[in-house]
Amino acid sequence: MNFFLKQLNADAQETAGAAEEAAAEPTATTNVPVEAPVAETVATAHDDFDWSIDKRNVAIYNDSEREKYDKVYDATFRTFNDGELVVGIVVGLTKTDAVINIGFKSDGLISLNEFRDAPIQIGDEVEIMVVEKEDRNGHLNLSRRQARISRAWEKIVDSHKTGEVVTGTVTSKTKGGLIVDVFGMETFLPGSQIDVKPVTDYDQFVGKTMEFKVVKVNETIKNAVVSHKALIESDIEAQRAEIIAKLEKGQVLEGTIKNITDFGAFMDLGGLDGLLFITDISWGRINHPSEVLKLDQKLNVVVLDFDDDKKRISLGLKQLTPHPWDVLAENIQEGNTVKGKVVNIEDYGAFLEIMPGVEGLVHVSEITWANTPVNAKEFFQLGNEHEAKIVTLDKDSRKMSLSIKQLSDDPWSTIEDKYPVDSRHSGIVKNITPYGVFVEMAPGIGGMIHISDLSWLKRLNHPSEYTKVGENIDVIILNIDKDGRKLQLGHKQLEEDPWNSLGETFPVGSVHEGTVIKKDDKGAVVSLPYGLEGFAPARHLAKEDGTTIAAEETNQFVVIEFDRNEKRIVLSHARIWERAKQEEFETEKKEKKAEAEKTQKAVKTIQSKVEKATLGDLGVLADLKKKLESGEGN
């Protein structure tokens with residue numbers, strides 16, 4: 001527009017100049033002196049007026065001239081599209097804006113805030129974006145910021161395609177990561193992509209300039225994700241390939257403990273990770289690698305194995321020292337006494353660690369001289385120390401058997417002297433089984449009381465009904481098996497067999513008061529005087545009123561069977577009231593029989609006194625006979 005106005009003013013000035021020249025020519029009406037006379041001419045009032053210029057001092061062009069000037073005008077301007085990136089020249093500066101000429105029909109304004117990172121001067125060239133060629137106010141809308149963002153996005157996309165490393169500055173922290181300025185555009189750096197190691201403090205990276213790799217772009221929303229970890233991993237991968245190329249089994253490397261787990265420790269070998277398994281840390285037993293290793297600890301390890309494809313390296317620490325079995329101390333010989341710590345307990349025994357990597361087994365049979373079963377998990381505790389005697393030693397197979405009981409003399413060698421048959425002793429109940437009770441009378445000396453030898457009178461379903469583990473019990477030696485290291489013990493034999501005299505107290509037919517202590521479908525166990533127990537079959541528990549005797553009920557019972565050899569008494573409550581009914585019936589029968597005999601005797605007496613019977617007497621006799629017959633029938 002400015003150019004167009006300038007052109008019009010130039011044309012107008014040219015026309016006005018021609019008119020002035022025409023007016024400057026001498027006329028008859030002028031007072032300018034002349035040197036020579038000339039011919040007099042006649043002038044009209046409008047001869048000197050240029051009719052091609054209107055009252056606004058604007059020239060009027062014909063069509064050919066207009067076309068010529070339009071072409072000249074159009075050639076001075078460029079054509080732009082919204083969103084296009086162009087280079088403009090700073091032609092002016094105000095307090096707030098920069099005036100930019102891009103070769104358009106008008107200049108545009110850009111706020112100086114968009115140039116805070118790069119101060120400008122008049123005449124500088126800057127890359128800007130044509131946001132709108134004409135906004136609603138008719139102005140040209142330009143933006144350097146959007147041009148930078150657009151150009152930055154192009155570079156970011158190219159970097160993502162080519163894998164080029166970019167440089168950015170961390171500007172702020174956000175949820176889950178950091179904001180990074182790359183080429184003037186904000187990108188997102190997730191927390192997991194900051195480093196190969198977990199990062200918890202994001203603030204330490206704010207303000208730092210770092211190198212990144214563009215790992216993800218979203219064209220729709222123009223969003224990009226960058227990673228610093230990818231660069232580290234690529235460097236590590238290069239180092240890893242170099243290290244693996246030089247790896248050999250048996251090679252000793254220096255590494256740093258970077259992580260400790262239950263099964264081992266991961267070591268950094270300078271860009272390559274290796275696993276030091278828990279069994280390869282020490283010749284001795286350890287429960288957790290942290291017992292001997294610490295994070296960031298540096299140590300030498302040996303390469304045991306590696307896999308080129310899976311990039312796995314197995315490391316060893318204990319292999320750097322000789323195996324303890326190869327350098328056993330001189331005092332570790334058969335027959336010697338050693339001291340060891342319990343490192344493992346099994347059902348069959350316990351392992352004692354004599355020195356790191358050297359263990360011996362104490363079998364359950366070598367714990368005590370007693371023949372009673374020993375539970376290794378009850379006798380031993382992890383970490384406890386015990387002295388033991390070396391029984392066997394095999395260096396080739398690296399096995400050692402130990403014995404605790406052989407540290408003392410075998411008490412069974414003189415068992416008859418201290419525990420002769422029929423001698424009485426006291427012991428502690430150590431174990432209870434369904435068939436008997438194991439009693440220990442001295443360390444290594446014990447025996448079993450069979451369930452049938454616990455009581456003369458009580459019938460036991462299980463020995464626990466009579467005694468408990470840990471209780472003291474008096475016993476008598478019934479038999480000695482020296483070779484089998486067994487003692488047969490008895491408890492009821494401490495007293496005389498009461499069944500020899502119970503026959504007189506509980507004869508068959510005798511009635512006693514008893515209490516039902518146990519009841520089932522077959523019958524009930526009845527507690528009798530003197531601690532005796534009897535059994536009443538189910539049908540013998542019936543009462544006279546039709547009910548049965550309940551548990552814990554006390555009532556009268558009659559002995560219907562007494563077996564001294566089998567130690568058995570059979571009882572009945574029903575027989576008591578059944579027998580009473582039978583006795584009552586027998587008494588009534590006897591009374592009726594006596595009355596019948598008496599009547600018959602009276603008839604005979606009358607018959608002997610009467611010589612002849614009349615018809616009336618015969619009738620009386622017939623009635624009497626019927627009575628007698630009915631009496632006999634009853």
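Is lysine 249 counted as buried or exposed, and at what relative accessibility? Lysine 249 counts as exposed because its relative accessibility is 58%, where exposed means over 50% relative accessible area, buried under 20% and partly exposed in between (1.4 Å probe, protein chains only).

The views below show a predicted model, in which local features need pLDDT of at least 70, side-chain atom pairs count only at pLDDT 80 or more, and totals for chains, interfaces and linings use all residues. Residues are numbered from 1 along each chain as its sequence is written, and side-chain values use heavy atoms, with hydrogens and water left out.

**View 1. Lysine 249 in the loop between helix H4 and strand E11.** The loop lies between H4 (229-246) and E11 (252-260); helices (H or I, at least four residues) and strands (E, at least two) are DSSP runs, numbered from the N terminus. Once neighbours within four places in sequence are set aside, lysine 249 is in contact with Val303, Leu304, Asp305 and Phe306, contact meaning heavy atoms within 4.5 Å. The side chains of lysine 249 and aspartate 305 are joined by a polar contact of 3.5 Å, that is, a pair of N or O atoms within 3.5 Å, of which, within protein, one must be able to donate a hydrogen and the other to accept it, while residues adjacent in sequence count only if both atoms are side-chain atoms. From C-alpha to C-alpha, lysine 249 and isoleucine 313 are 9.9 Å apart in space, although 64 residues apart in sequence.

**View 2. A barrel closed by 5 strands.** The order of the strands is E11-E12-E13-E15-E14, with mixed pairing; two strands pair if DSSP finds at least two bridges between them. Within this arrangement, strand E13 (residues 273-277) and strand E15 (residues 312-316) pair in the parallel sense over 2 bridges, and serine 314 in E15 is the bridge partner of leucine 275.

**View 3. Serine 403 in strand E20.** Serine 403, in the strand spanning residues 399-403, counts as buried because its relative accessibility is 0%. Its side chain makes a polar contact of 2.6 Å with the side chain of glutamate 366, and also reaches the backbone nitrogen of glutamine 406 at 3.2 Å. Beyond its neighbours within four places in sequence, serine 403 is in contact with Glu366, Ala388, Lys389 and Val391.

**View 4. Strand E22 with its antiparallel partners E21 and E23.** Strand E22 (residues 436-442) is mostly covered, with 6 of its 7 residues buried. It is joined to strand E21 (residues 424-433) by 5 bridges, threonine 433 standing opposite glycine 436, and these two strands form a hairpin with 2 residues between them. On the E23 side (residues 445-450), 6 bridges join the strands, and valine 437 stands opposite isoleucine 449. E22 and E23 likewise form a hairpin with 2 residues between them, and glycine 444 in the turn has a positive phi of about 90°.

**View 5. The largest nonpolar core, with 21 residues.** Such a core is a set of buried Ala, Val, Leu, Ile, Met, Phe, Trp, Tyr and Cys residues joined through side-chain atoms within 4.5 Å; the residues with the most contacts inside this one are Val439, Met441, Ile445, Leu487 and Leu489. At least two of its residues come from each of E21, E22, E23, strand E24 (472-481) and strand E25 (486-490). Not counting residues up to four places away in sequence, leucine 487 touches residues including Trp412, Ile415, Met441, Ile445 and Ile477.
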